[in-house]
Structure formats: C-alpha cells, structure tokens
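Me: I am new to this structure. Please walk me through its salt bridges, and then one of its sheets.

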Amino acid sequence: MSKFLKRLLLTIAIPAALYGCATPPMPDVYWPEPPDTPRIKFVKSYRGAADFAKGGMAVDIILGSAGGMALKKPMGLHVDKNGILYVTDTASADVFMFDTKNSRFTTLGQMGAKIFYKPISVTTDDSGRIFVTDSQVDKVAILNQGGGLLGYLEPSEPFQQPTGIVADNVKKRLYVTDTHSHDIRVFDLETLKPLKTIGKRGKEEGEFNFPSHIGVDNEGTLYVVDTMNGRLQIFDSEGKFIRAFGQFGDIPGMFARPKGVGIDSEGHIYIVDAAFNNIQIFEKEGAILMSFGSYGAGRGQMVLPAGMSVDHEDFIYVVDSWNRRVNVYEYLGEKSKSRAAALDKGKK
C-alpha cells in the first residue's frame with residue numbers, strides 16, 4: 001500500500017474510530033415481502049476478524065494488520081451449543097471460529113492446528129470435540145477445544161472422499177458422508193468406533209449418487225442431500241429409509257445444484273441450491289413452503305451458496321461462497337416471538 005493511500009485512509013478511519021460516523025439504519029430485509037406475513041429476516045453477515053473490531057482496531061484493520069484474517073473461499077459451517085460459528089475455508093486451508101456471543105475471532109490454524117489441506121465440513125459434540133472432514137487427504141480430523149489434534153477417525157473401509165459430517169448428541173452417533181463411495185459412514189460418538197454403513201450407489205430408495213451435505217434433527221432423524229440424484233433422502237436414527245423428495249428441474253420444489261441442509265425447531269427443512277442462489281423451505285413430508293435469497297452481493301443475497309446450519313434459536317447460517325461471507329437469517333417462528341415478548345417485558 002502506498003504512503004499516500006495509507007495517509008488518505010487514516011484521515012477517514014481515525015475520525016470514524018474516535019468520534020463515530022452516524023449512518024442511517026439500513027431497512028430490514030424480509031421474505032416474503034410485504035404485504036405478506038414475513039417468515040424470514042436477514043440479520044447480518046460475517047467475513048472475518050473485522051466483524052468484531054472496535055475503537056482503535058479500525059485503523060489496524062484498514063492498514064492490513066488484521067485485515068488478512070478474512071474468509072477467502074468458505075465451504076461448510078456449524079454452530080455449536082455455545083454460539084460459536086465454525087467455518088471451513090478451502091482457500092485458507094483452515095477453520096475460522098466466530099465467537100458470536102463474546103465478540104471474539106480466531107482460527108484453528110492460529111490455535112496451532114495447521115493440519116488441513118482442503119477442509120470441507122465441520123461439526124462438534126457436547127464434550128467440545130471438533131470434527132473436520134478433509135477431502136484432499138480423505139481424512140476426518142478430531143480436535144479438542146484448544147485446537148489440539150486428538151487423532152483421526154478410523155473407518156472399517158478407507159474414506160474415498162469424506163465431505164458432510166454431523167453429530168447427533170442425543171443418539172450418540174456421528175455421521176460422515178463419503179461422496180465418492182456413495183454412502184454414509186456411521187460411528188459411535190462416544191467411542192468413535194465404526195458402527196455401520198448406510199447406502200450404496202444407485203437411484204433406488206436408500207441409495208445415493210454423490211451424496212454431499214447431511215443434517216440431523218432433535219429426534220435423531222437423518223437428512224442426506226443426494227446431490228446427483230437431485231433429491232433429499234430422510235432416514236431414522238437406525239438408518240432405515242423414511243422418505244425422499246425432489247428432482248432436477250427449475251421450478252419451486254425442484255433442485256438444480258442442492259447443497260447444505262438444516263432443520264429448525266419446528267421441523268421445517270431448509271435446502272441450499274447453489275444454482276438458484278437461494279434456500280428452499282419444505283415441510284416434513286416434502287411440500288415446498290417458500291424460498292428466500294437471490295443472486296447478488298447485497299444484504300441477504302448470495303452467489304454460489306454452499307453449507308448451512310440452523311442453531312437451537314432458529315437462526316439460519318448460510319455460506320455465501322463467492323461473496324466470501326456467512327449470511328445470518330432468522331426464522332420468525334415461535335422462538336422468535338418468545339424472544340420478542342421477553343424483550344418487550346424487559347423494557348417495561
């Protein structure tokens with residue numbers, strides 16, 4: 001950066017950091033749009049260290065000392081029970097950690113875990129262990145809360161390309177999608193020993209064609225994005241097929257490039273589509289309810305979205321890969337109403 005540009009940025013940044021710049025609030029973004037009753041609200045986006053910068057940090061970020069810690073090519077994400085957002089980044093070969101409650105930021109690499117090549121997905125369990133799939137070396141790393149490497153999963157048959165991963169802390173299961181072996185590997189969450197394999201390559205019920213993302217609800221039901229069959233498949237906690245829905249197409253309820261999947265507290269199923277640049281919402285039986293998001297770089301928009309997660313408060317986190325960020329939305333359901341009521345009560 002030239003001396004002139006640095007001087008120019010300082011003249012802008014220092015007054016802003018010291019005195020603040022009054023900017024008019026941005027209008028809220030909802031889906032569906034008025035006059036319909038809103039169901040989804042855009043909340044914010046996360047990009048990196050700058051999201052938690054305050055006061056004097058503004059100058060450091062503009063001049064580069066903190067600005068380098070930003071998402072480059074985010075891919076998968078997970079939100080743990082403490083509100084920590086984990087985001088895999090294939091370009092950085094790292095996993096970013098946004099502590100949304102305490103306004104802190106770090107990466108597993110900064111904590112010493114410089115072991116990744118192409119991290120795809122991440123999850124955690126209730127004991128604080130972190131699990132990361134790495135599709136370049138075909139391994140699933142196990143780390144502690146401090147970023148220390150505990151080891152790697154040892155499947156009964158070698159992974160060919162582990163991608164999606166999710167932990168069921170109630171049923172004590174860990175599920176890993178192996179895209180190139182076209183199946184789901186199931187492990188005991190406590191011992192990490194392999195238990196079974198779900199599926200094989202095919203188009204019939206319970207079969208897969210390059211499965212990718214995976215999710216689990218609070219009842220232990222498993223949701224698998226069967227990418228190249230253009231559908232979502234649903235299984236019970238024992239791996240028994242329940243139902244499937246979806247097909248390739250370009251109308252609501254169909255898929256072009258399905259990616260991440262998540263389930264809210266009311267049982268709604270969210271599926272990202274990287275080609276449509278949106279998220280479709282389905283009810284349990286597979287009927288389409290609505291969609292939200294659109295192509296672009298504006299608030300709530302996205303380009304090539306990928307992984308997603310819904311936390312226990314029904315906030316929806318979506319990887320917006322091309323725009324190098326994570327978009328956060330809120331489902332305006334019963335939990336949102338309860339939060340609003342508690343807030344109003346506290347003001348009285």
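Reply: Start with a network. In this predicted model, salt bridges link Asp178, Asp183 and Arg185.

Me: Are Asp178 and Arg185 buried or exposed?
Reply: Their side chains meet in a salt bridge, N to O at 3.4 Å. Residues under 20% relative accessible area count as buried. Asp178 and Arg185 are both buried.

Me: How many salt bridges does the structure hold?
Reply: The Asp178 and Arg185 pair is one of them. Another joins Glu285 and Arg243, at 3.2 Å. The structure's count is 10.

Me: How many residues apart are Glu285 and Arg243?
Reply: Glu285 sits in the loop between strand 21 and strand 22. Arg243 belongs to strand 18. The pair links distant parts of the chain, and the separation is 42 residues.

Me: Why does Glu285 count as exposed?
Reply: The cut-off for exposed is over 50%. Glu285 passes because its relative accessible area is 53%.

Me: Which helix holds both Glu334 and Lys337?
Reply: These two side chains form a salt bridge at 3.6 Å. They lie three residues apart, about one turn of the helix. That element is helix 3.

Me: Which residue in strand 2 is the bridge partner of Trp31?
Reply: Strand 1 and strand 2 pair over two bridges, in the antiparallel sense. The partner of Trp31 is Ile40.

Conventions: Residues numbered from 1 in each chain as written. Predicted model: local features only at pLDDT ≥ 70, side-chain atom pairs only at ≥ 80, totals over all residues. Heavy atoms only, no water. Pairing = 2+ DSSP bridges. Helix = DSSP H or I, 4+ residues; strand = E, 2+ residues; numbered from the N terminus. Salt bridge = Lys/Arg side-chain N within 4 Å of Asp/Glu carboxyl O. Buried < 20%, exposed > 50% of the residue type's maximum accessible area, 1.4 Å probe, protein only.
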